[in-house]
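Reader: I would like a close look at one part of this model, and then at the packing elsewhere. Please keep it brisk.

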Amino acid sequence: MSRFSPFNAVALTFGFAFLYMPIMLLVIYSFNENDLVTVWTGFSFKWYGEMFANRGFRDAAWVTIRVALISSTVATLLGMMAAVTLVRARVFFGRTLFTGMVYTPLVMPEVITGISLLLFFVNFNIDRGMETLIIAHITFTMAFATVVISSRLIDFDMSLEEAAMDLGCGRFEAFLRVTLPNIAPAVAAAWFLSLALSLDDVVVSQFVNGPGSTTLPIKVLSSVRLGVSPEINALSATLIGLVTSAVIIATIIQKTRTVREG
Amino acid sequence: MTQQDKLISPAPTTDFSPWAEQDQEPLVQFRNVTKRFGSFVAVDNVSLNIYQREFFALLGPSGCGKTTLMRMLAGFETPTSGEIIVDGKNIVDVAPDKRPINMMFQSYALFPHMTVEQNVAFGLHRSGGPAKSEIEDRTNRMLKLVQLEPFAKRKPNQLSGGQKQRVALARALARSPKILLLDEPLAALDKKLREQTQFELMNIQEELGLTFLIVTHDQQEAMTVSSRIGVMRAGQLQQIGTPGEVYEYPQTGFVADFIGDTSLFEIEIVGQEGDFTVAKWNGAEAPVYLRALDDNPVDPAAKFLSVRPEKVTVSREQPTDAPNAFKGKVVDIAYTGSQSVYHVELSPGVTIKALDTNRLRLVASSITWNDEVWVSWRARSGVVFQS
């Protein structure tokens with residue numbers, strides 16, 4: 001139990017100011033009425049309207065959402081399978097190595113992930129587009145999904161699954177009826193985290209996207225090269241809103257210890 | 001077979017003793033079952049028969065292989081070698097969900113996302129299984145059996161330890177298994193509740209006429225609930241017998257020491273004096289006199305003697321009627337209220353325990369530390385074995 005001292009208050013204020021001031025500014029200026037980004041003249045939703053009217057943005061948003069939904073779903077499924085095997089299986093040859101290998105992509109520089117994926121696709125003559133984008137996103141989000149789901153599985157009492165088998169379930173049925181409902185919060189959290197990661201990825205996507213598969217973050221980046229427009233502010237604010245929601249939902253779900261059902 | 005066949009059973013004889021009848025077919029047979037984990041031998045060539053309606057206890061210290069033996073019967077482990085026969089069929093290759101056996105887990109393993117009712121009904125929802133009304137009916141009967149009807153809609157985390165234990169029991173019984181396995185079922189309960197639950201378990205077992213196999217490290221629990229006990233040590237069955245047999249006729253020093261309390265001495269048998277066998281021992285210069293309970297001679301190759309504390313009398317005066325009477329000094333007294341155990345040193349480093357029930361309400365016993373006392377016991381009270 002520590003008291004909330006003035007020092008804590010100051011530290012907290014400066015800390016959060018440092019973190020969030022730039023973002024706040026961006027969000028505030030997205031409601032600016034003026035054509036110039038840095039000159040405030042009045043409040044307006046004008047740029048949001050412009051943004052939604054921009055066909056290029058709309059297409060990019062559609063690509064981003066499809067890629068994020070598909071890749072996060074597949075990554076969560078693969079991550080769950082990896083987690084179940086790594087946590088549950090009795091010691092098998094190379095288990096420690098495999099566990100380590102699942103975690104490495106978390107710290108691998110994104111540029112390297114991107115380059116290696118590009119090389120892979122070029123090598124196998126795979127045309128870059130939606131498909132390569134989805135594969136690439138699955139690759140780097142799966143590691144996160146695995147970590148989130150394993151941490152929950154480690155706490156899960158193995159004898160629950162044995163009890164289900166004892167009461168007449170086959171292995172797979174026992175997993176579906178007993179294990180899955182109990183690790184569901186972690187699975188959902190893994191899905192939202194993967195979604196957030198996929199939504200805001202630039203580096204890897206830049207290497208593997210093709211014509212017609214430009215994602216929103218890439219679109220933003222290329223637009224900025226031509227000069228920052230208030231429209232970009234509006235778009236960025238929208239992206240921030242989306243990604244933050246996904247992360248917040250993931251956190252809330254993961255914090256929920258008890259599952260309510262029936 | 002073993003020497004116990006020749007012995008007179010010391011336990012009150014009941015009609016129920018299928019293991020002693022020649023024509024009884026055992027319900028469960030472990031035949032030369034061995035289980036290795038890597039180089040570690042968890043279960044070492046165990047053969048054991050368990051009969052219909054028995055309450056059989058596997059007793060032993062932790063790591064002795066008793067849980068592994070039970071898990072092989074449940075189907076969660078596969079024997080490295082040997083056969084497990086249930087109802088005449090080898091079930092080694094049968095999956096756990098296809099065996100007529102249910103298990104109550106030590107952690108209870110209740111499904112946290114389901115209510116008490118749903119937990120109990122879990123095993124009944126099978127394709128080709130009973131109809132819905134029948135499931136409800138059976139679930140209610142099970143809940144009634146364990147007196148949990150008012151808690152049917154609760155989740156496991158809203159129950160006390162004792163209630164959880166009863167849900168686990170009801171859930172395991174709901175499928176009407178031929179055999180119910182109980183893995184340390186009462187270990188998580190406090191002493192009072194544990195004793196009460198022991199009797200409940202016995203009543204349920206008798207009422208339903210089922211075969212129970214319990215794994216425990218608590219010898220008192222095993223003695224109370226079971227028809228027979230198998231004492232295990234380091235993967236091997238040391239002795240199988242009724243509670244009375246394993247207590248009064250331990251075949252090894254380990255069994256004598258593990259079940260109840262005892263004093264162990266090294267002996268060497270030197271001769272015979274009338275009805276008594278005479279042995280040199282490390283307790284005193286004077287020899288110790290032995291006699292078997294029946295008319296058989298005492299095993300001449302015996303190397304150890306066990307004397308239970310309650311069979312030893314402590315007195316200030318030299319007793320005249322006991323063949324075994326030795327002088328010693330009280331070095332320790334363990335007072336537990338209902339009884340006192342005196343540790344009497346007979347010779348340097350050799351002590352014997354003598355139990356005295358505190359029948360009279362005296363705060364201080366007349367015998368106290370450093371007193372010179374006599375300990376004595378009957379020739380038939382000592383048990384001897386080779387190891």
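Which backbone oxygen does the side chain of B:Thr197 reach?

Author: This is a predicted model. The side chain of B:Thr197 reaches the backbone oxygen of B:Leu193, at 2.5 Å. B:Thr197 sits in helix α5 of chain B, which covers residues 191–208. Its relative accessible area is 5%, so B:Thr197 counts as buried, the cut-off being under 20%. Leaving out residues up to four places away in sequence, B:Thr197 touches B:Gln165, B:Leu186 and B:Leu189.

Now the nonpolar cores. In soluble globular proteins, nonpolar side chains tend to be buried together. Here the largest nonpolar core has 62 residues. B:Phe30, B:Leu73, B:Phe111 and B:Leu181 have the most contacts inside it. Helix α8 of chain A, residues 171–199, gives this core its largest share, 12 residues. A second, separate core has 45 residues. Among them are B:Leu148, B:Leu180, B:Leu182 and B:Ile214.

Take B:Phe111 from the largest core. Residues up to four places away in sequence are again left out. In chain A, B:Phe111 touches A:Leu160, A:Ala163, A:Ala164, A:Leu167 and A:Val178. In chain B, its contacts are B:Asn119, B:Phe122, B:Pro156 and B:Arg171.

After α7(A) comes A:Gly168, with a positive phi near 105°.

One helix pair in chain A remains. Helix α2 (residues 46–53) packs with helix α11 (residues 230–255) of chain A at an angle of about 85°. Their axes are 8 Å apart. The angle falls between 65 and 115 degrees, so α2(A) is roughly perpendicular to α11(A). From α2(A), the contact uses A:Trp47, A:Tyr48, A:Glu50 and A:Met51. From α11(A), it uses A:Pro230, A:Glu231, A:Ala234, A:Leu235, A:Ala237 and A:Thr238. By class, the contact between α2(A) and α11(A) has seven nonpolar, one polar and two charged residues.

Technical notes
Residues are numbered from 1 along each chain as its sequence is written. Chains are lettered from A and ligands numbered from 1 in the order in which they are written. This is a predicted model: local features need pLDDT of at least 70, side-chain atom pairs count only at pLDDT 80 or more; totals for chains, interfaces and linings use all residues. Side-chain values use heavy atoms; hydrogens and water are left out. Helices (H or I, at least four residues) and strands (E, at least two) are DSSP runs, numbered from the N terminus. Buried means under 20% relative accessible area, exposed over 50%, partly exposed in between (1.4 Å probe, protein chains only). A polar contact is a pair of N or O atoms within 3.5 Å; within protein, one must be able to donate a hydrogen and the other to accept it, and residues adjacent in sequence count only if both atoms are side-chain atoms. Contact means heavy atoms within 4.5 Å. Axes are lines fitted to C-alpha atoms, for helices over the stretch in contact, and angles run from 0 to 180 degrees between N-to-C directions. Angles under 35 degrees count as roughly parallel, over 145 as roughly antiparallel, 65 to 115 as roughly perpendicular and the rest as oblique. Ala, Val, Leu, Ile, Met, Phe, Trp, Tyr, Cys and Pro count as nonpolar, Asp, Glu, Lys and Arg as charged, and the others, Gly among them, as polar. A nonpolar core is a set of buried Ala, Val, Leu, Ile, Met, Phe, Trp, Tyr and Cys residues joined through side-chain atoms within 4.5 Å.
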